[in-house]
Amino acid sequence: MSFYKKIPLLAKLILAVTLGIVLGSFLPTSIIRGFVTFSSIFSSFLGFTIPLIIVGFIVPGISQVSNNAGKLLGLSTGVAYVSTLIAGTFAFLVAKVALPNLLANSTLQTFQNPEDLMLKGYIEFKMTPIFDVTTALIISFILGIGISATKSDSLKQGFNDFGEIIEKLLSSLIIPLLPFYILGVFMNITASGEVFKILKIFALVFVLIIVLHFVIIAIQYTVAGSMNKRNPFKMLVKILPAYMTAIGTQSSAATIPVTLKSTKNMGVDKNIANFTIPLFATIHLSGSTITLTTCASAVYWLQHGASFPSAVVMVKFILLLGVTMVAAPGVPGGAVMAALGLLQSVLGFNEIMLSLMIALYITQDSFGTACNISGDGALSAIVDRLNRVFFKKDNQEA
């Protein structure tokens with residue numbers, strides 16, 4: 001068991017997908033249904049925990065963000081949220097142009113009629129969530145803002161503890177079991193005859209996501225360099241150590257020391273960097289947003305027969321996703337786990353579609369994290385400039 005824990009999540013996921021394809025190709029239906037039974041029960045448990053994940057991370061996130069450092073905090077939070085919205089909108093607009101060509105003639109019956117093609121487990125164990133995703137978001141906003149406004153330390157500590165319980169649930173149970181869940185799903189998909197179409201889609205969408213990551217980083221540093229009258233290319237060179245570290249750690253939090261040093265080397269005021277880098281590691285996930293938006297657009301396209309969500313639906317999804325990303329747990333795959341509720345409630349994703357979102361997201365999680373923390377350096381430079389322009393008198397307090 002200790003050996004299994006040491007294997008990186010990405011390696012576990014690749015192994016699960018590979019075994020799912022191989023075993024699903026020749027094992028008898030009776031055995032495949034056993035794996036499908038586990039995946040079905042796990043999926044039900046996952047659906048039960050989604051509202052708890054939302055409350056457990058967004059309430060402490062909002063109460064912490066809203067009660068820390070006045071104007072500079074508001075400025076930093078606003079810049080991070082706008083950056084996330086721009087990344088999500090950019091990803092969707094590019095997806096609408098690129099995906100029809102990349103996914104031409106690619107339709108998956110598995111997405112559209114899973115009940116007709118997919119094997120069913122031996123038993124069903126339904127776990128009804130305490131409340132739905134929309135209710136969870138509303139409750140989180142009310143409690144998070146209310147705790148900040150009333151300065152209730154006891155409630156704040158209580159929800160911090162609850163958040164730690166949920167993070168422990170994710171890191172100790174849900175994340176470790178994800179490969180087995182994916183194994184069952186891919187065995188089922190292989191038995192349906194759709195697996196090779198899905199692998200093709202994975203490869204094409206993955207390439208598009210990486211390109212979008214590089215483009216958004218270039219945009220962020222062009223803006224930061226222009227505002228500070230610095231060479232964006234030289235700023236990018238300074239952030240490279242943090243980028244490479246993030247690829248290895250898959251964690252924005254674990255990369256904070258390197259990101260902080262790299263940001264200061266870019267010329268950002270040390271007091272601003274000391275404040276913004278730890279904050280942005282939590283609330284700024286432009287790379288993750290690009291990945292989730294692009295993947296969701298691709299899966300939606302396949303589900304709905306070569307059509308995308310309406311502009312209204314996608315705007316709602318991106319706006320809510322930006323808020324959800326503020327409190328995404330700092331574990332590999334945490335962002336997609338936090339976003340599952342929105343994928344279900346806003347875009348109508350079913351169990352198969354959610355499992356594919358998890359698999360594709362975690363496959364590129366290292367690059368998404370690297371994009372996130374690279375953007376943190378650029379946004380810190382932007383906040384530094386805005387702080388000097390608008391809040392000069394507060395510089396010593398920052």
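Helix axes are lines fitted to C-alpha atoms over the stretch in contact, with angles running from 0 to 180 degrees between N-to-C directions. Angles under 35 degrees count as roughly parallel, over 145 as roughly antiparallel, 65 to 115 as roughly perpendicular, and the rest as oblique. Helices themselves are DSSP runs (H or I, at least four residues), numbered from the N terminus.

This is a predicted model, in which local features need pLDDT of at least 70, side-chain atom pairs count only at pLDDT 80 or more, and totals for chains, interfaces and linings use all residues. Residues are numbered from 1 along each chain as its sequence is written, and side-chain values use heavy atoms, with hydrogens and water left out.

**Helix packing on α17**

Helix α17 spans residues 365-390, and α12 (residues 270-283) packs with it at about 135°, the axes being 9 Å apart. The two helices are therefore oblique to each other. The crossing of α12 past α17 is right-handed (the near helix is turned clockwise from the far one by less than a right angle). On the α12 side, Ile272, Thr276, Ile277, Phe280 and Ala281 meet α17 residues Asp376, Gly377, Leu379, Ser380, Val383, Asp384 and Asn387, where contact means heavy atoms within 4.5 Å. By class, this contact has six nonpolar, four polar and two charged residues. Here Ala, Val, Leu, Ile, Met, Phe, Trp, Tyr, Cys and Pro count as nonpolar, Asp, Glu, Lys and Arg as charged, and the others, Gly among them, as polar.

Helix α13 (residues 286-303) also crosses α17 at roughly 135°, and the two axes come within 6 Å. That angle makes α13 oblique to α17. Ser286, Gly287 and Ser288 of α13 make the contact with Gly368, Cys371 and Asn372 of α17. One nonpolar residue, five polar residues and no charged residues take part.

Isoleucine 209 is part of helix α9. With 0% relative accessibility, isoleucine 209 counts as buried (under 20% relative accessible area; exposed is over 50% and partly exposed in between, with a 1.4 Å probe and protein chains only). Beyond its neighbours within four places in sequence, isoleucine 209 contacts Ile290, Thr291, Thr294, Cys295 and Gln364. Isoleucine 209 and glycine 368 lie 159 residues apart in sequence, but 8.8 Å apart in space, C-alpha to C-alpha.

Two lysines have a positive phi although neither is a glycine.
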